[in-house]
Amino acid sequence: MEDKYRKILAEVVFFGITPALAATINSAASLSMAVGIIFIMVLSTIVMRLMRKLVTEENKVFVTLVVTALFASIFQMVTEAYAMEAYKEIGIYIALCSINMMVFGAAYGGAGYEEKNIVGRVVLFSIVFGIVVFAVGSLREILGAGTWGRLVLFSSKAQIFQKAPGAYMTGAVATAVVAFIVKKSTKKKEAK
């Protein structure tokens with residue numbers, strides 16, 4: 001059981017969160033990115049699940065790429081039209097969502113026959129991932145700028161949290177917290 005959680009944690013950290021970290025400078029950008037990831041992952045998986053009888057093994061990768069790019073483009077256009085401030089911060093990273101290995105893998109799995117409850121798992125996984133992205137963005141904003149949204153909490157001099165190294169430092173802390181929680185819950189289940 002513990003190997004399953006380690007695999008999921010590795011997938012989140014290495015395949016999914018790295019591109020999202022770039023967009024988590026503040027809570028607003030990270031919330032926008034979280035909504036985008038949830039939107040793209042869930043709808044891509046649903047569409048691939050509905051099309052699974054039409055998709056062959058030979059064209060599954062191509063079809064998955066087209067479907068994920070479609071939903072990434074839709075989210076990018078909607079964000080640009082209705083949330084220009086968020087688009088200025090995450091616009092380029094939304095386009096990367098179509099080739100993000102986590103998003104792509106979820107949609108690709110939707111085309112398979114072996115997974116009966118893949119859509120439910122992707123919904124849950126994407127929501128948890130969105131919460132982690134929002135938490136990392138909020139933490140980076142609080143530590144780096146001393147603000148959270150429009151609230152000024154304190155005067156911060158830790159500008160490193162607003163730059164790329166701060167994303168990885170905060171991401172490492174988030175990963176450690178998740179790993180600790182998973183390890184504790186696994187030990188409790190084994191003790192029963």
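User: In this predicted model, which residues does Lys60 touch, not counting residues up to four places away in sequence?

Analyst: Lys60 touches Met48, Val55, Tyr108, Ala111 and Gly112. Each counts as a contact because heavy atoms lie within 4.5 Å. Lys60 itself lies in helix α3.

User: How far apart are Lys60 and Met48 in sequence and in space?

Analyst: They are 12 residues apart in sequence, and their C-alpha atoms are 9.2 Å apart.

User: Why is Lys60 called buried?

Analyst: The relative accessibility of Lys60 is 8%. The term buried applies under 20%, so Lys60 counts as buried.

User: What makes Ser126 buried or exposed?

Analyst: Ser126 has a relative accessible area of 0%. The limit for buried is under 20%; therefore Ser126 is buried. This residue lies in helix α6, residues 118-145.

User: How do you know that the side chain of Ser126 and the backbone oxygen of Val123 form a polar contact?

Analyst: The backbone oxygen of Val123 lies 3.0 Å from a polar atom of the Ser126 side chain. A polar contact requires a separation within 3.5 Å, and the pair at 3.0 Å meets that cut-off.

User: Which residues is Ser126 in contact with, leaving aside its neighbours within four places in sequence?

Analyst: Ser126 is in contact with Ile38, Met41 and Val42.

User: Which elements of the chain have the lowest and the highest mean pLDDT?

Analyst: Helix α1, residues 2-21, has the lowest at 60, whereas helix α3, residues 60-82, has the highest at 90. The chain averages 79, and 85% of the residues score at least 70.

Conventions: Residues are numbered from 1 along each chain as its sequence is written. This is a predicted model: local features need pLDDT of at least 70, side-chain atom pairs count only at pLDDT 80 or more; totals for chains, interfaces and linings use all residues. Side-chain values use heavy atoms; hydrogens and water are left out. pLDDT is the predictor's confidence in each residue, from 0 to 100. Helices (H or I, at least four residues) and strands (E, at least two) are DSSP runs, numbered from the N terminus. Buried means under 20% relative accessible area, exposed over 50%, partly exposed in between (1.4 Å probe, protein chains only). A polar contact is a pair of N or O atoms within 3.5 Å; within protein, one must be able to donate a hydrogen and the other to accept it, and residues adjacent in sequence count only if both atoms are side-chain atoms.
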